[in-house]
Structure formats: structure tokens, C-alpha cells
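Please look through the sequence and the structure shown here, and then read the briefing that follows, which is arranged by topic.

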Amino acid sequence: MAGAMPALSLSLQFARFPDAPIHRAALPRHKVARWLRAALGDEVQMAEIAVRIVDAEEGQRLNREFRQKDYATNVLTFDYSGAPVVAADLVLCAPVVAREAVELDKPLAEHYAHLLVHGALHAQGWDHETSEADAEAMEARETAILAALGLANPYARG
């Protein structure tokens with residue numbers, strides 16, 4: 001995480017749904033940008049990332065259409081180009097993120113930070129579904145990034 005910070009073009013979008021103001025409050029633009037920049041590897045010179053916060057209906061529809069999984073998931077990454085210029089859309093499903101934060105006994109913003117780092121790593125080619133070794137490597141990278149941000153290990157059991 002040393003070296004110059006990559007340039008980041010960030011679009012932060014919130015769909016219209018009843019709890020959107022709660023999620024907007026947990027995601028101030030400067031924090032979202034900080035979390036994403038922290039997740040970008042040294043080989044990234046620039047990133048163009050759109051972050052969209054959606055309701056369960058939109059989240060489920062996108063997961064069904066693009067991953068053939070008929071449920072709303074916490075984060076979907078649509079990556080269009082890798083380093084040195086990363087272009088990606090990260091779609092986070094607000095009700096799923098909120099439920100998970102409660103289940104994990106974590107502040108909503110902290111869970112969003114983890115999922116944004118997770119999604120940004122996917123946008124750079126990291127994958128936890130290819131093998132156990134890849135999952136462990138990605139988990140270790142996420143944990144290191146979050147620690148550098150002053151956030152707890154999201155995978156610590158306890």
C-alpha cells in the first residue's frame with residue numbers, strides 16, 4: 001500500500017428506497033473514496049468506479065441476470081478493465097448489508113468498508129471462488145487493507 005495513491009474517478013449513487021438516508025449517512029463520499037483507494041494495488045494508476053447502493057429487488061434482479069443466482073447478495077462487482085486502469089461498477093444491496101452488519105455486530109459503515117474493499121479487489125482480478133488458496137490470499141489482502149484503515153479483521157471468529 002506504499003507509493004502514490006492512484007487517481008480515482010468515483011460515482012456514488014443511491015437508488016430510491018425507504019432506508020436510503022441511513023445508508024447515505026454511512027457512506028460519505030470522502031470515506032468511500034478512501035476505502036477504495038486503499039484497496040487499489042500498486043499497479044493501478046487510475047480507477048473509474050461507480051458505487052451503487054440498491055434495494056433488495058434491484059440487487060436480486062442483477063444477481064439473477066448476471067450470476068444466475070436468484071437472491072440479493074451483499075456486493076456485486078462488474079469489472080470492465082484491469083490495471084493499470086481499473087474500471088468497475090460495485091453494486092451493494094442495502095438491506096443485505098444492513099442485516100449482515102447487525103448479525104456481525106458491526107457498525108454499518110464498517111461493514112460497507114469491508115464490502116467495498118472486497119468488491120474493489122474483485123475488480124482487480126482477485127477471486128475467492130476459484131480455490132481455497134485464492135480465498136485465503138484474498139482474505140489476507142482484505143484483512144491487511146482494513147487493518148491499515150484502522151478497521152477490525154472481518155473474518156475473525158469470536
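The crossing of helices H5 and H6 is right-handed. The contact is made on one side by Ala113, His114, Val117, His118, Leu121 and His122 of H5, and on the other by Met138, Arg141, Glu142, Ile145 and Leu146 of H6. The model in which this is seen is a predicted one.

**The crossing of H5 and H6**
- The axes of H5 and helix H6, the latter spanning residues 132–148, come within 10 Å and cross at roughly 130°.
- Angles over 145 degrees count as roughly antiparallel and those from 65 to 115 as roughly perpendicular, and H5 and H6 are therefore oblique to each other.
- Where H5 meets H6, the residues of the contact divide into six nonpolar, three polar and two charged.

**Gly119 within H5**
- Gly119 lies in helix H5, which covers residues 108–123, and this glycine is buried, because its relative accessible area is 0% and buried means under 20%.
- Leaving aside residues up to four places away in sequence, Gly119 touches Val75, Thr77 and Leu90.
- Gly119 and Leu90 are 29 residues apart along the chain, and their C-alpha atoms are separated by 6.3 Å.

**Salt bridges**
- Glu65 forms a salt bridge with Arg61, in which the closest N and O atoms are 3.6 Å apart; because Glu65 and Arg61 are four residues apart in helix H3 (residues 56–67), they are separated by about one helical turn.
- In this pair, Glu65 counts as partly exposed at 45% relative accessibility, and Arg61 is also partly exposed, with a relative accessible area of 33%.
- Arg64 forms a salt bridge with Asp70, and the closest N and O atoms of this pair are 2.8 Å apart.
- Arg64 is partly exposed, with a relative accessible area of 38%, and Asp70 is likewise partly exposed, with a relative accessible area of 48%.
- The side chains of Arg67 and Glu129 meet in a salt bridge with an N to O distance of 3.6 Å, and this pair links distant parts of the chain, since Arg67 is in helix H3 while Glu129 is in the loop between H5 and H6, 62 residues apart.
- Arg67 counts as partly exposed at 28% relative accessibility, whereas Glu129 is exposed, because its relative accessible area is 53% and exposed means over 50%.

Key. Residues numbered from 1 in each chain as written. Predicted model: local features only at pLDDT ≥ 70, side-chain atom pairs only at ≥ 80, totals over all residues. Heavy atoms only, no water. Helix = DSSP H or I, 4+ residues; strand = E, 2+ residues; numbered from the N terminus. Buried < 20%, exposed > 50% of the residue type's maximum accessible area, 1.4 Å probe, protein only. Contact = heavy atoms within 4.5 Å. Axes fitted to C-alpha atoms, helices over the stretch in contact; angles between N-to-C directions. Parallel < 35°, antiparallel > 145°, perpendicular 65-115°, else oblique. Left-handed = near helix turned anticlockwise from the far one by under 90°. Nonpolar A, V, L, I, M, F, W, Y, C, P; charged D, E, K, R; others polar. Salt bridge = Lys/Arg side-chain N within 4 Å of Asp/Glu carboxyl O.
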